[in-house]
Each structure stands twice: as structure tokens, then as C-alpha cells.
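These are my notebook entries on a protein model. I set down what I looked up, one topic at a time.

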Amino acid sequence: MKIEPNIETSWKQELSEEFQSEYFFSLRNFLIEEKKKYIIFPPGSEIFAAFNYTPFQQVKVVILGQDPYHGHGQANGLCFSVKPGIAKPPSLQNIFKELNADLGLPASVSGNLEKWAKQGVLLLNATLTVRSGQAGSHQNKGWEIFTDSVIKTLSEKKDNVVFILWGNYAQAKQSLIDPFRHFLILSAHPSPFSAERGFFGSKPFSRTNTYLKEKNISEIDWNLS
């Protein structure tokens, strides 16, 4: 049986082997059974939103999250992002605080980060689905194998990508990235539990644009307001 995920064409080509692999068939069957018993976030049409907003050729920056938000109406398929009209979770509030401190940009009324994604910022969660109200419920079901392959593919087939790795979980993915071809920005996670221990003051947004400019790549307009 052939799996045809709702994913942008260039990514479908780059990841075709993953979609035909045994682990992905198992993951698909797991999700089918989960949806019979639970509410799953994000909606099926948005599971691959990060890829659909940011085609493979356009990726300049990768921000790596862990799980989608598990509250009703929050997750939109982009890490740290929420749908318009949804209150900003604490980590996202801290991201906007650092954005203001780094670049002087005001916090956006909306927590929707689609504008970043459309400019080449791949907002990638390591796990792309979650049960409603149960954080981490879809970890170790196959998504991490898939997203690790995404990171490796970007590292091997592209040059001069900025990888922003916040927190220990994201930083554990360093082994998948060639540091001689790409630029890594490492800091504490923006969570309220760790933001004061190295996230605030890390200047990820200005450092990203400085690197892109040095490589003659168009910079990101981080302003969402």
C-alpha cells in the first residue's frame, strides 16, 4: 500500500523513502487507531503544515520544537506557533520577549508564526501529533525517526542553514547536523523553567540574520505585528 501524505511536492520527493518505510506504515496505523479513540492535534490537514509553508528549496532556518501543543485549538502544525485568537503559551511569550530585546520588535497580538514559515523558517516539531490534553503521548511512535531524517536531509543536501536549537532535547540533534556547512545557535529553552538560564540574551534572531547576510542569503523579517 502506497502512502501519499498531504505534504508539499519537494518534501514528498526528498522524503519518499521515509513514506514507504516500515516504521512510517506502523506510525500511520497507530494514528488511525488513535483517531478512533481520542482527539488528536493538530487536525490532519495541518500535520505537515511546517513543510507546506516552507518548501525544501526555501529552507534558510530551522527552529526545532518537541511536541505540538495539546490544548484545544492551539496547535497549527508549526512549532511554538498557535492559531490566531489563541492565547500565547508561556514559551511563546518568552520568544516574543527575546525578540523585543534582540531587535526591538513589539510582540505580535497573534501568536501565529506563519509569516516566519513563509520566509524560509522551518518550524519543526520532533513529534508531529499529540493526544488532546496528554503531552508527549505520541512520542516514540515513529515521528522522531521521520523528523531526524528531515534534519539529516537538510544537513546533507543544503548549505548555510541556521539551526536554532533551544534546550537539551533540541541540542541532542546536533549529531545530525554538519557544523562545517551550517550555523548552529544553541541556548536554553524559552520555557519559564529555563528561559532565565541562557535563553534571554541569546539574540537568536539578530545572529541568524547576521549569518544569512554574510552568506548573501536574504534575511528574515521577524516582525509579526
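Entry 1: strand β2. I looked up which residues cover the two faces of β2, and I found V61, I63 and G65 on one side and V62 and L64 on the other, all of them buried. The model is a predicted one, and I read these entries with that in mind. I recalled that side chains in a regular strand alternate between the two faces of the sheet. Five of the five residues of β2 are buried, so I noted the strand as largely enclosed by the rest of the structure. Buried here means under 20% relative accessible area.

Entry 2: partners of β2. I then asked which strands pair with β2. Strand β3, residues 121-125, pairs with β2 in the parallel sense over five bridges. Within that pairing I located N125 in β3 as the bridge partner of G65. Strand β5, residues 162-166, pairs with β2 in the parallel sense as well, over four bridges. There I found V61 opposite V162 in β5. I reminded myself that strands of a sheet pair through backbone hydrogen bonds.

Entry 3: the whole sheet. I followed the pairing onward and found that β5 and β6 pair in the parallel sense over five bridges. In this pair, I164 stands opposite I185 in β6. In what order do the strands of the open sheet lie? I recorded four strands with parallel pairing, in the order β3-β2-β5-β6. The strands β3 and β6 (183-187) stand at the edges, each with a single partner strand, so one side of each has no neighbour in the sheet. From one strand to the next, the twist averages 20 degrees.

Entry 4: the largest pocket. I looked up the space in the largest pocket, which is about 420 Å³. Its lining consists of 21 residues, and Q66, D67, Y69, F80 and H189 lie nearest the centre. Which elements each supply at least two residues of this lining? I listed β2 (61-65), α5 (90-103) and α8 (167-171). The largest share, four residues, comes from α8. By class, I recorded ten nonpolar, ten polar and one charged residues in the lining.

Entry 5: helix α7. I checked the span of α7, which has 15 residues (143-157). At 1.5 Å a residue the helix should span 21 Å, and I found its end C-alpha atoms 21 Å apart, which agrees. I also noted buried residues in α7, among them W143, F146, V150, I151 and L154. The buried residues of α7 also include E144, T147, S149, T153 and S155.

Key: Residues are numbered from 1 along each chain as its sequence is written. This is a predicted model: local features need pLDDT of at least 70, side-chain atom pairs count only at pLDDT 80 or more; totals for chains, interfaces and linings use all residues. Side-chain values use heavy atoms; hydrogens and water are left out. The expected span of a helix is 1.5 Å times one less than its number of residues. Buried means under 20% relative accessible area, exposed over 50%, partly exposed in between (1.4 Å probe, protein chains only). On a 1 Å grid over the protein atoms alone, a cavity is a set of points where a 1.4 Å probe fits but cannot get out, and a pocket is an open set with protein on both sides within 12 Å along at least five of seven lines; lining residues have an atom within 4 Å of a point. Grid points are joined across faces, edges and corners, and a volume is the space filled by probe spheres set on the points. Ala, Val, Leu, Ile, Met, Phe, Trp, Tyr, Cys and Pro count as nonpolar, Asp, Glu, Lys and Arg as charged, and the others, Gly among them, as polar. Two strands pair if DSSP finds at least two bridges between them. Axes are lines fitted to C-alpha atoms, for helices over the stretch in contact, and angles run from 0 to 180 degrees between N-to-C directions.
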